[in-house]
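Thanks for taking a look at this one with me. Here are my notes, in the order I would go through them with the viewer open.

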Amino acid sequence: MPPQHRFRHFLGGVITLAVCGSQARVEAASPAQTGNPISRIARVFDPQLVKVEDRVSWLDSRVSTYAQHYEFPLKTGLGYRGARATQGGPDPTVTLDLGKEVPVDSIYLVPAQREFFEDSGIFPKRFTLELSKREDFGQRTILYTSGSAARPPADCTPVYFHAKDTARYVRLSIQEGHNKGTTDVFGLSEFVVISNGEPVSFGTKVSTVGGLDVPGMWFPEALTDGRMPLGIWHNKPLMGLDPGDAVLTSSAEETTTWSITLDTPAKIDRIQLFPYQVNRSLETSVFPEELAISVDCGTGENPESVFHWDNPVTGSSQMTPMVVPLQGKNAKVIHITAKQPWVMGDRKIHALSEIEVWSGGKNLARNLPITREHAGQNVQITSLTDGNSSEKEIMSVGVWLNQLYERGRIERELGSLRPIHHQLASRSELNATWGSAVILGLTFLIPVFIVAAA
Ligand SMILES: [Ca+2]
């Protein structure tokens, strides 16, 4: 074979090898792998790819710090449902009376839980949110109103509205809902109003037009009870934390009382109790099957009963905190009594994971010792006021809702950016590989050419 032919044969082999190698590399390279030389070269020549990539990695790092989105369906008190009573009748409405004028920073509408995975839900399609200092809304601020385009159906992610107004009344009116046998049906699990970072809607009076109430399941008060199908108000897990306080009982007659003494008497806005996580893998968190709260302004000898709760579904787990509004009740000593244990097999337990006592935007119970009285013994407990439950840090409900909203927004953006990113990266890396193969091939072949020519 003449030397030139041998050279051409050899050159063909090298280029084939280079091309095969490049294809293997392109297939193996994921867009995030910028460590290999081809990926680096591709990014030097493609500013658009770099821009998209920077945005994706920035969004990824932000979203990783936000609260996780879970859906834990509620079994009772699901929320509120309404509809237009008659064709052409008045818009269905929901009005919260916050009790007094407060600065409103934000409002969250939390969708009702879905009935099945692909259920598009009954979040209202077109609606108006208004704020007013007057019950008749004679003067009002329109915070939000949908245009003629219907709002896309929401999953369980909270829908956020920014506000900068002072108001006592907040009204949601529905211009368009869903037609499911009844006209303009809509539903929500919670209607949250945040003032100075604090929830001011819990336990407030709700009045409605067009309710489709079902006792125990769908009713106006379920909009302001703090219960949402989104799990406990947590951020990331912190291992090695005390899960809370659990007492094993031997009979149904035994009780356990956790008592907390505040530094001074205070007007209590609400008490928040967090369920005890019995089993991490089963996602089971529980309260005692029956519990009661009493408060006392003095030494704790003459407590006044302020709250009583029976688990409406015996044995069911409770994947949401229990919010007990006390409307400024004066108290110094607070007793929380487990009257009936939660039962699993032959285990009977009285348990809680955290107790919060909120007054004027502050959790007065934080880091205070708690005295637990059970079977004639008093024990000092610190795990119920350490700011954690179920081995996770508890968040304020406003921050938690905001993180869930932000997470939803970022995940939607990432969902649309990822395919573009992948396409750009693959195209640029393929171009860079071809370019590199040619450059590498020619450089490498110069001495071979000299030898062959000789
Ligand atoms: Ca609720």
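1. Beyond its neighbours within four places in sequence, Ile355 is in contact with Trp258, Ile260, Leu273, Ile336, Ala365, Ile370, Leu384 and Thr385.

2. Which residues of H2 are buried? In this helix, which covers residues 37-45, they are Ile38, Ser39 and Ala42. Viewed down the axis of H2, the buried residues fall within an arc of 100 degrees, so they line one face of the helix. An α-helix has 3.6 residues a turn, so residues three or four places apart point the same way. Pro37, Arg40 and Val44, on the other side of H2, are exposed.

3. Three strands, in the order S9-S24-S23, form an open sheet with antiparallel pairing. Strand S9 (234-237) and strand S23 (388-389) stand at the edges with a single partner strand each, so one side of each has no neighbour in the sheet. S23 is joined by two bridges to strand S24 (residues 392-394), and these strands run antiparallel. Asn388 sits opposite Glu393 in S24.

4. For the overall picture, the secondary structure comes to four helices and 24 strands. Of the 454 residues in the protein, 34% are buried. Among contacts with a separation of 6 or more, 80% are between residues 24 or more positions apart.

5. Finally, a word on confidence before you set anything up. The average pLDDT of the protein is 86, and 86% of the residues score at least 70. Where should you be careful? Over residues 1-32 pLDDT stays under 50, and the model has 32 contacts beyond four places in sequence for them. Residues 445-450 also stay under 50, with four contacts beyond four places in sequence. Where pLDDT is low, the predicted coordinates should not be read in detail.

Conventions:
Residues numbered from 1 in each chain as written. Predicted model: local features only at pLDDT ≥ 70, side-chain atom pairs only at ≥ 80, totals over all residues. Pairing = 2+ DSSP bridges. pLDDT = per-residue confidence, 0-100. Contact = placed C-beta atoms within 7 Å. Buried ≥ 20, exposed ≤ 12 C-beta atoms within 10 Å, placed from the backbone. Arc of directions from axis to C-beta.
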